[in-house]
Structure formats: C-alpha cells, structure tokens
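Biologist: I have a structure open on my screen and would like to learn how to read it. Could you take me through some features, one at a time?

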Amino acid sequence: MEKLKDSLFVSLIAVFAAFNIVCDSLAGPPLPFSGVWYSWVFISEPITGIILGPWAGFFSNSIGVMIGHFIFFRGAEEFLFTIGAPIGAMISGLLYWRKWKIVLLYYLALLGAFFATPIAWQLPLWGMWDVYLALGLLLVVVVVTKKRKNLWNIKSNTCLVYILALSTFIGLEADVLFRIFIFIPCQTYRLIYGYDLSALQAIWALGAVETPIKATLSSVVTVTIGLPIINAVRKMGFTI
C-alpha cells in the first residue's frame, strides 16, 4: 500500500510538472509588461506548491519552468530569474502548512537587501505596493492565527477559500521579491541589461499595475480549481 502511495505521489509530481511546462510555454496575457512572468506560470506556480507541499512543489515547478523556458525561449538570463517561480511555489506550500517563520524570514531578508541597495531609494516606493501588502497580510495571519488557530483550518472548506487565496498571493509576491532581489541588489539591471535610473523607474511604474493584476487573477483561479483538486487528492489517500 505504501509503495502504491509513493507511486501516486511521483505521478502527481509529474502531472504538475507537465502543467507547469504548458503554462510556462504560453505567452502571458496582454497586460502592461514590466518584465515579470512572460508566460502563464503565475497560474500553475502556487497550486503546485499547495498540493505537493513546499519541497516537492519546488522540484515539480523547477522541472516545469526549465523545460518551459527552452520551449518558449526568452533569453539565457531568464533561466536565472525564473528560479523565482519554484521559490514562489515553495512559499505558497510553506504558508499553506503554517510554516510562518520561514516565510517571514524570507520576506524580511530580501526586502532588507533591497532597501540596503542605494538605487532602491530612487525608485517609486509605491511601485512595490503589492509586495508590502503581501508582507502585511502575512503579519496579520501570523498574529491572528497565533491566538485563534482554528482560523487556519485546512479541513474546513470555508476556511480553505481564504487560505488558498492568501497562500497564492503571498507565494507569488515572494516570487516577485526574488526577481527584484536578482534585479536590484544583485545589480543585473546594470550588468546584464544596462538600464539607467529612468528605465528602472518606468519598469517600477508598470510593475505596480501588472503584478497585482496577475496575482489577483491567480488567486481567483487557485480558489476555483483548488478545492476540487484538494478533495480529489484526499480521496487518493493523501493528507492535505
């Protein structure tokens, strides 16, 4: 029985890897584009981490985006930035399973690195409002569920609606934050792209519109398809 369960889980990893390959191979929606998510991977990324868990989700999404980037080639440098996708899947999975500390440390460390970079203070602060919102929601979740643990009850379909939405949004913004970390503190905006300050400011303005729309769309999709998928996976004998 245990071997059958292991085989089923490996099959799930493969299914979600294929789902990520498809999503990452298709050009994204026609929105103002700042350089985040050329494809539809923002749809597949969170649900992968939630269903498979943080570590298997990271692995499955990694397979998907690496193959997807070869099918829909966006330049060699994008293989570096796309590591944000499996990290986002992992963060969604960690949050779903109440691993608050790791998620909070991740946000604080990468935001700290961003604000420690001098050029960050010359970019519009409101350009990352969705990242700040994600951190704020994370802090609310940590404080509220510490007092009322029953509010984060993954066995309740009512609770699952907002648990899935929050896990998706915070996970995707963690992906965005990783890309920002590579772009600004790691200086790739200058070393790879040769952007000046005015170009960065324009990118930040576009990002303030683009990424929240995509994160909201993904949250709606995850809530819609997540509940039936979770019920189906539970019937296969998995605890989720």
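Predicted model: local features only at pLDDT ≥ 70, side-chain atom pairs only at ≥ 80, totals over all residues.

Biologist: Where does Leu217 lie, and how many residues separate Leu217 from Ile43 in sequence?

Modeller: Leu217 is part of helix H10. Along the chain, Leu217 and Ile43 are 174 residues apart, while their C-alpha atoms are 7.9 Å apart in space.

Biologist: Is Leu217 buried, partly exposed or exposed?

Modeller: Leu217 has 36% relative accessibility, so it counts as partly exposed.

Biologist: Let's turn to helix H2. How many residues does H2 have, and what span does it reach?

Modeller: H2 has 12 residues and reaches 16 Å from its first C-alpha to its last, close to the 16 Å expected at 1.5 Å a residue. Just after H2 comes Gly53, with a positive phi of about 95°.

Biologist: How many residues of H2 are buried?

Modeller: The count is 12 of the 12, so H2 is largely enclosed by the rest of the structure. Among those buried residues are Val41, Phe42, Glu45 and Leu52.

Biologist: How do I describe the way two helices pack?

Modeller: Two packed helices are described by the angle between their axes and the distance between the axes. Take H2 (residues 41–52) and H8 (residues 157–183): their axes come within 9 Å and cross at roughly 115°. The crossing of H2 past H8 is right-handed.

Biologist: Which residues meet there?

Modeller: From H2 come Phe42, Glu45, Pro46 and Ile50; from H8 come Leu164, Ser167, Thr168, Gly171, Leu172 and Asp175. Sorted by class, this contact has five nonpolar, three polar and two charged residues.

Biologist: What are the distance and the angle for H8 and H10?

Modeller: The axes of H8 and H10 come within 8 Å and cross at roughly 145°. H8 passes H10 in a right-handed crossing. By class, the contact of H8 with H10 has 16 nonpolar, eight polar and two charged residues.

Biologist: Now to charged pairs. How many salt bridges are there?

Modeller: The count comes to three salt bridges. A pair qualifies when a side-chain nitrogen of Lys or Arg is within 4 Å of a carboxyl oxygen of Asp or Glu. Asp24 and Arg74 form one of them, at 3.2 Å from N to O. Asp24 lies in helix H1 (residues 2–25) and Arg74 in the loop between helix H3 (54–71) and helix H4 (78–81), so the pair ties together parts that are 50 residues apart in sequence. Both Asp24 and Arg74 are buried.

Biologist: Why can residues within one helix pair up like this?

Modeller: The general idea is that an α-helix has 3.6 residues a turn, so residues three or four places apart point the same way. In H8, Arg179 and Asp175 are four residues apart, about one turn of the helix. Their side chains meet in a salt bridge, at 2.5 Å from N to O. Arg179 and Asp175 are both buried.

Biologist: What separates Lys214 and Glu210 in helix H10?

Modeller: Lys214 and Glu210 are four residues apart in H10 (residues 197–235), about one turn of the helix. Their salt bridge has its closest N and O atoms 2.6 Å apart. Lys214 is buried, with a relative accessible area of 2%, and Glu210 counts as buried at 0%.

Biologist: Which loop holds Arg98, and what is its phi?

Modeller: Arg98 sits in the loop between helix H5 (84–96) and helix H6 (100–115). Its phi is near 65°, a positive value in a residue other than glycine. Arg98 is partly exposed, with a relative accessible area of 29%. Gln187, in the loop between H8 and helix H9 (188–191), has a positive phi too, near 70°.

Note on methods. Residues numbered from 1 in each chain as written. Heavy atoms only, no water. Axes fitted to C-alpha atoms, helices over the stretch in contact; angles between N-to-C directions. Helix = DSSP H or I, 4+ residues; strand = E, 2+ residues; numbered from the N terminus. Left-handed = near helix turned anticlockwise from the far one by under 90°. Contact = heavy atoms within 4.5 Å. Nonpolar A, V, L, I, M, F, W, Y, C, P; charged D, E, K, R; others polar. Buried < 20%, exposed > 50% of the residue type's maximum accessible area, 1.4 Å probe, protein only. Expected span 1.5 Å × (residues − 1).
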